[in-house]
Amino acid sequence: MRIIEGEQREISWRGPRLQVEGESTGGCSVLHVKGDMDFTSAPGLRDWMLEAVDGGLVAARIVLDLDEVAFFDSSGLGAIVAVWKKARNEGGDLGVARPPRVCSIMMRRTSLADHIVMADAVPAVRAGLLAGRPPTARPSTRQAG
């Protein structure tokens, strides 16, 4: 079942120590991630999101709201990169809202921040994705993990 433009759909997923609640509307999915994005949970999230993009459960434009992520490691970054690549291949994009400090640092040091929209607010990331350009706001240094 693919998302139809203008349709609104609730989305949820639960994995080990990680859960996602969100909605798709207006050609963009906003996914609120809560828990730990680490080597035990990030692969499940990555696989679910790749299937969700393939199956049309989530729009090809995705905002990942990481405000409630308590721990983040390189596995979390790997999941973000995999889903970003998939979204781009589907004609969409992925952005990160309210990333934990370590995520912001990793994205800047790897130059991913030059390619993935990142900001301190979901509306700014959503607007950046829908406009096809990154917002002017840069993420803060919020601590996690």
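In this predicted model, six strands make up an open sheet whose order is β1-β2-β3-β4-β5-β6, with mixed pairing. Two strands lie at the edges, namely β1 (9-15) and β6 (117-119), and each of them pairs on one side only. From one strand to the next, the twist averages 20°.

Within the sheet, strand β3 (residues 28-37) pairs with strand β4 (residues 61-72) in the parallel sense, and eight bridges connect the two. His32 has Asp65 in β4 as its bridge partner.

| Helix | Strands it lies across | Direction |
|---|---|---|
| α1 (residues 42-55) | β1, β2 (18-25), β3 and β4 | about 150° to β1 |
| α4 (residues 122-131) | β2, β3, β4, β5 (93-97) and β6 | about 145° to β4 |

Helix α1 also meets another helix. How do the axes of α1 and helix α2 (residues 74-89) cross? They cross at roughly 10° and come within 9 Å. Angles under 35 degrees count as roughly parallel, and α1 and α2 are therefore roughly parallel to each other.

Which residues of α1 and α2 meet? On the side of α1, they are Ala42, Arg46, Met49, Leu50, Val53 and Asp54. On the side of α2, they are Ser75, Gly76, Ala79, Ala82, Val83 and Lys86. Taken by class, the residues of this contact between α1 and α2 comprise seven nonpolar, two polar and three charged.

Methods
Residues are numbered from 1 along each chain as its sequence is written. This is a predicted model: local features need pLDDT of at least 70, side-chain atom pairs count only at pLDDT 80 or more; totals for chains, interfaces and linings use all residues. Side-chain values use heavy atoms; hydrogens and water are left out. Two strands pair if DSSP finds at least two bridges between them. Helices (H or I, at least four residues) and strands (E, at least two) are DSSP runs, numbered from the N terminus. Axes are lines fitted to C-alpha atoms, for helices over the stretch in contact, and angles run from 0 to 180 degrees between N-to-C directions. Contact means heavy atoms within 4.5 Å. Angles under 35 degrees count as roughly parallel, over 145 as roughly antiparallel, 65 to 115 as roughly perpendicular and the rest as oblique. Ala, Val, Leu, Ile, Met, Phe, Trp, Tyr, Cys and Pro count as nonpolar, Asp, Glu, Lys and Arg as charged, and the others, Gly among them, as polar.
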